[in-house]
Amino acid sequence: MSYGLNFWKENGKLSLDAQSIYERLSSGEYIDRVAMLPTAEISSAIEASFKDGWVQERATCWQLPERGAFEVALTGQVFRVDCYGMSG
């Protein structure tokens with residue numbers, strides 16, 4: 001099973017629904033009232049959390065043969081995780 005998870009943080013009330021925010025952030029658009037993410041801290045936390053047992057295939061991709069793989073995409077306003085061969 002494959003799926004994608006997308007995260008952002010809103011700073012105040014937005015007139016856009018979640019789907020519109022997702023589409024705009026995915027296309028690289030900047031949105032006022034969506035917070036800038038601490039990208040360096042998020043990257044460091046991911047690397048530290050998945051160093052035991054997981055194989056880091058590329059800078060943004062980790063695999064555990066029995067559990068699947070995931071790939072991370074991180075921009076200033078959106079954090080995306082694509083999961084492959086995982087359930088849940």
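Which residue in β5 is the bridge partner of Phe 7? In this predicted model, that partner is Phe 79. The two strands involved, β1 and β5, are paired in the antiparallel sense, and five bridges join them. In general, the strands of a sheet pair through backbone hydrogen bonds, in either a parallel or an antiparallel manner.

The pair belongs to an open sheet of five strands, arranged in the order β1-β5-β4-β3-β2 with antiparallel pairing. At the edges are β1 (3-7) and β2 (55-58), each of which pairs on one side only. On average, neighbouring strands of the sheet are turned by 20 degrees against each other, direction ignored. Helix α2 lies across four of these strands, namely β2, β3 (61-64), β4 (68-74) and β5. Relative to β4, α2 runs at about 165 degrees.

The largest nonpolar core has 12 residues in all. Its members are Leu 37, Ile 42, Ile 46, Trp 54, Trp 62, Leu 64, Phe 70, Val 72, Phe 79, Val 81, Cys 83 and Met 86. Two or more residues of this core are given by each of α2, β3, β4 and β5, and the largest share, three residues, comes from β5. Another core, of six residues, lies apart from it, with Leu 14, Ile 21, Leu 25 and Val 78 among them. In soluble globular proteins, nonpolar side chains tend to be buried together.

Cys 83, a member of the largest core, touches Met 1, Ser 2, Tyr 3, Ala 69 and Phe 70, when residues up to four places away in sequence are not counted.

Strand β5 (residues 79-84) also contains Asp 82. Asp 82 counts as buried because its relative accessible area is 17%, under the 20% limit. Its side chain makes a polar contact with the side chain of Arg 80, at 2.7 Å. With residues up to four places away in sequence left out, Asp 82 touches Tyr 3, Gly 4, Ala 69, Phe 70 and Glu 71.

A further residue, Arg 33, is located in the loop between α1 (18-26) and α2 (39-49). Arg 33 has a positive phi of about 70 degrees, although it is not a glycine. Its relative accessibility is 52%, so Arg 33 counts as exposed, the limit for this class being over 50%.

Note on methods
Residues are numbered from 1 along each chain as its sequence is written. This is a predicted model: local features need pLDDT of at least 70, side-chain atom pairs count only at pLDDT 80 or more; totals for chains, interfaces and linings use all residues. Side-chain values use heavy atoms; hydrogens and water are left out. Helices (H or I, at least four residues) and strands (E, at least two) are DSSP runs, numbered from the N terminus. Buried means under 20% relative accessible area, exposed over 50%, partly exposed in between (1.4 Å probe, protein chains only). A polar contact is a pair of N or O atoms within 3.5 Å; within protein, one must be able to donate a hydrogen and the other to accept it, and residues adjacent in sequence count only if both atoms are side-chain atoms. Contact means heavy atoms within 4.5 Å. Two strands pair if DSSP finds at least two bridges between them. Axes are lines fitted to C-alpha atoms, for helices over the stretch in contact, and angles run from 0 to 180 degrees between N-to-C directions. A nonpolar core is a set of buried Ala, Val, Leu, Ile, Met, Phe, Trp, Tyr and Cys residues joined through side-chain atoms within 4.5 Å.
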